[in-house]
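Take a look at the model below. The text after it goes through some of its parts, one by one.

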Amino acid sequence: MDGTHWDGLRSLLPAYRQITNVAVNDGATTAFWEDNWTGGAPLCTTFPVLYSHVAKHGASVQAVAQHGLASSLVPRLSPQARIELLSAQNMLSTWAPTAGTDVRSSPLEAAGHRLCKANLKMKNVLDSDVCELCKCSVETSSHLIFGCSITQSFWRHMGWDPLRIPPAADLWQIEAQADTPSRSLPTMILLCCWNLWLHRHDVVFRRRDPSL
């Protein structure tokens, strides 16, 4: 998909992958090197020398398991890369595919609920629960995602109808709009929500004006 808004979201992918975890099932939508699916850190971080020898960036866990690690690497490896390859192969050997699609999660999802103003007011941390973006409604996680006039403008700018977006607790039921590929839908939605949350922080803590 083309457009400056998509380019902006794509630029967030490396940082986004560092803070999200993936529960791998069939491995078809999880990047073997770039996603955090082993419980520690992405393999590109764990094995930096070996990653510098990767020829096929973005290869899925499923593809690497089917074709072997060598299929995603250049033919000649440095001595250190060969050492890291043994560790990576041992890690891959412990994974077995299961039925179902991969599930991505982020600590930001839980943080968004805990730190929204409605929850903080309920705990007597704040005196007001009014959204800092629109200044007219209670700030809940669902309001920040699709109810606020600013965030609604964000979705409409990308060709989405915000009224068709489910509440925050049911985001896993969201359906693709505006020709968004279903395979990349979960990642795109989390990236959008993360970007909205960061903008909310800019408004609240850095005193910036709400801006599409």
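Helix 9 (141–147) and helix 11 (185–205) are among the elements that cover the buried residues of helix 10. This is a predicted model. Helix 10 itself spans residues 149–157. Its buried residues are Thr151, Gln152, Phe154 and Trp155. Why do they sit on the same side of helix 10? They cover an arc of only 155° around the axis, and that puts them on one side. A general rule of helices fits here. An α-helix has 3.6 residues a turn, so residues three or four places apart point the same way. After helix 10 comes Gly159. The phi of Gly159 is positive, near 85°.

Now step back to the whole chain. The protein chain has eleven helices and two strands. Along the sequence, the order is α-α-β-α-α-α-α-β-α-α-α-α-α. The chain holds 212 residues, and 42% of them are buried. Take the contacts between residues at least 6 apart in sequence: 55% of these join residues at least 24 apart. The accessible surface of the chain is about 11,600 Å². Carbon and sulfur atoms account for 56% of that surface.

Next, the aromatic rings. A pair of aromatic rings is described by the distance of the centres and the angle of the planes. The count of aromatic pairs comes to five. One of them joins Phe32 and Trp33. Their ring centres are 4.9 Å apart, with 85° between the planes, and the pair is edge-to-face. Is Phe32 buried or exposed? Phe32 counts as buried because its relative accessibility is 0%. Trp33 is buried too, with a relative accessible area of 0%.

Trp33 also pairs with Tyr51. Here the centres lie 6.1 Å apart and the planes meet at 50°, so this pair is tilted. The pair links distant parts of the chain, 18 residues apart. Trp33 is in the loop between strand 1 (21–23) and helix 3 (43–46). Tyr51 belongs to helix 4 (residues 48–51). Together, Phe32, Trp33, Trp37 and Tyr51 form one aromatic cluster.

Finally, turn to Lys121. This residue lies in helix 8, which runs over residues 117–122. Lys121 has 35% relative accessibility. Buried means under 20% and exposed means over 50%, so Lys121 counts as partly exposed. Which residues does Lys121 touch, not counting those up to four places away in sequence? They are Leu126, Asp127, Ser128 and Asp129.

Terms used. Residues are numbered from 1 along each chain as its sequence is written. This is a predicted model: local features need pLDDT of at least 70, side-chain atom pairs count only at pLDDT 80 or more; totals for chains, interfaces and linings use all residues. Side-chain values use heavy atoms; hydrogens and water are left out. Buried means under 20% relative accessible area, exposed over 50%, partly exposed in between (1.4 Å probe, protein chains only). Helices (H or I, at least four residues) and strands (E, at least two) are DSSP runs, numbered from the N terminus. The arc is that of the directions from the helix axis to the C-beta atoms. Contact means heavy atoms within 4.5 Å. Accessible areas come from the Shrake-Rupley method with a 1.4 Å probe; for residues, only the protein chains shown count as cover. Rings of Phe, Tyr and Trp (its six-membered ring) pair if their centres lie within 6.5 Å; planes under 30 degrees apart count as stacked, over 60 as edge-to-face and the rest as tilted.
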